[in-house]
Amino acid sequence: MTNTPKTIALDGPAASGKSTVGSRVADALNYLFFDTGVMYRAVTWTALQHGLDLLDEAAVAKLTEETPIDVRPASQDDGRACDVLVENEDITWQTRRPEVDANVSTVAAYAGVRAALSQQQRRIGLRGSVVMVGRDIGTVVLPEAELKIYLDASAEERARRRYDEIIARGELADYAEILEKVIQRDHIDSTRDVAPLRPAEDAIILDSDHLDANQVFEKIMALCK
Ligand code: CDP
């Protein structure tokens, strides 16, 4: 497939299915799958562990600059898409905890945090053969990406998907609470000053309310050809 785009940017709001579909597309093309959200989550978890005041922007930005975050291919078959390591400690599942969900958008709105992380993301993205997933990949991290997709769905549908995911992991979940958190996170992500969540002008918008993961996958693969 000589015309296959070398870099694919996949952006969209919380729980729109970017990771599920993005990793399948990456597998099918034999590309690297890079979910940039895990980096913001890793910083948030580390800041909470260090007992930092998350409203202290300067302290959180400094921590981001000083913390080596490593994202590697999954070493265990326990449902993870990749391993997330901070100072050689595997924090993959910690990054999915409710306290991280509740605070990650605050941390991700800080300019210093974004500058440090998007620089690392861009370096990896520029190597090509990558499906990069996030909020600002098509607009800021890799504006030159050859294929940009903005995957959308209603908040209710996204909350339902996140609910099903948590239940499938054998954990307890409350739909109304998840919906409220999703709406809250969308609001912070799309109204922040730096790199707000929005489709790039040349992005293809896919509304997945009435499409399952398989159908979204097929649509993206068709766009790759
Ligand atoms: O999986 P989910 O959609 O719930 O979230 P995620 O992709 O893991 O991202 C978690 C949070 O990190 C988002 O709500 C954003 O606040 C932030 N994020 C960002 O600002 N920019 C990115 N490129 C990726 C994530």
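**Close-up 1. Helices H1 and H9 lie oblique to each other, where angles under 35 degrees count as roughly parallel, over 145 as roughly antiparallel, 65 to 115 as roughly perpendicular and the rest as oblique.** The structure is a predicted model, in which local features need pLDDT of at least 70 and side-chain atom pairs count only at pLDDT 80 or more, while totals for chains, interfaces and linings use all residues. Residues are numbered from 1 along each chain as its sequence is written, and side-chain values use heavy atoms, with hydrogens and water left out. H1 and helix H9 (residues 213-224) pack at an angle of about 45 degrees, and their axes are 10 Å apart; these axes are lines fitted to C-alpha atoms, for helices over the stretch in contact, and the angles run from 0 to 180 degrees between N-to-C directions. Helices (H or I, at least four residues) and strands (E, at least two) are DSSP runs, numbered from the N terminus. The crossing of H1 and H9 is right-handed, a crossing being left-handed if the near helix is turned anticlockwise from the far one by less than a right angle, and right-handed if clockwise. On the H1 side the contact is made by Thr20, Val21, Arg24, Val25, Ala28 and Leu29, and on the H9 side by Ala213, Asn214, Val216, Phe217, Ile220, Met221 and Cys224, with contact meaning heavy atoms within 4.5 Å. The residues of the contact of H1 with H9 divide into ten nonpolar, two polar and one charged; Ala, Val, Leu, Ile, Met, Phe, Trp, Tyr, Cys and Pro count as nonpolar, Asp, Glu, Lys and Arg as charged, and the others, Gly among them, as polar.

**Close-up 2. Gln215 in helix H9 and the cysteines Cys82 and Cys224.** Gln215 counts as partly exposed at 37% relative accessibility, where buried means under 20% relative accessible area, exposed over 50%, and partly exposed in between (1.4 Å probe, protein chains only). Although Gln215 and Val21 are 194 residues apart in sequence, their C-alpha atoms are 9.5 Å apart in space. Cys224 is buried, with a relative accessible area of 1%, and Cys82, at 12% relative accessibility, is buried as well. With a disulfide taken as a pair of cysteine sulfur atoms within 2.5 Å, the count comes to zero disulfides.

**Close-up 3. Helices H7 and H8 in a right-handed crossing.** Helix H7 (residues 155-168) and helix H8 (residues 175-191) have axes 9 Å apart and pack at an angle of about 125 degrees, and they are therefore oblique to each other. H7 contributes Ala155, Glu156, Arg158, Ala159, Arg160, Arg162, Tyr163 and Ile166 to the contact, and H8 contributes Tyr175, Ile178, Leu179, Val182, Ile183, Arg185 and Asp186. By class, the contact of H7 with H8 has nine nonpolar, no polar and six charged residues.

**Close-up 4. Arg160 of helix H7 and Ala15 of the loop between strand E1 (7-11) and helix H1 (18-29).** The two residues are 145 residues apart in sequence, yet their C-alpha atoms are 9.1 Å apart in space. Arg160 is partly exposed, with a relative accessibility of 39%, whereas Ala15 is buried, with a relative accessible area of 9%. The phi of Ala15 is near 60 degrees, which is a positive value in a residue other than glycine. Most residues other than glycine have a negative phi.

**Close-up 5. Ser129, in the loop between helix H5 (111-125) and strand E6 (130-134), and Ala115, in helix H5.** Ser129 has a phi near 50 degrees, a positive value in a residue other than glycine, and is partly exposed at 32% relative accessibility. Ala115, at 46% relative accessibility, counts as partly exposed. The C-alpha atoms of Ala115 and Val141 are separated by 9.9 Å, the two residues being 26 residues apart along the chain.

**Close-up 6. Contact between helix H2 (residues 37-49) and helix H4 (residues 98-108).** The axes of H2 and H4 come within 9 Å and cross at roughly 105 degrees, which makes H2 roughly perpendicular to H4. In H2, Tyr40, Arg41, Val43, Thr44, Trp45 and Leu48 meet Glu99, Val100, Asp101, Asn103, Val104, Val107 and Ala108 in H4. The contact of H2 with H4 divides into eight nonpolar, two polar and three charged residues.
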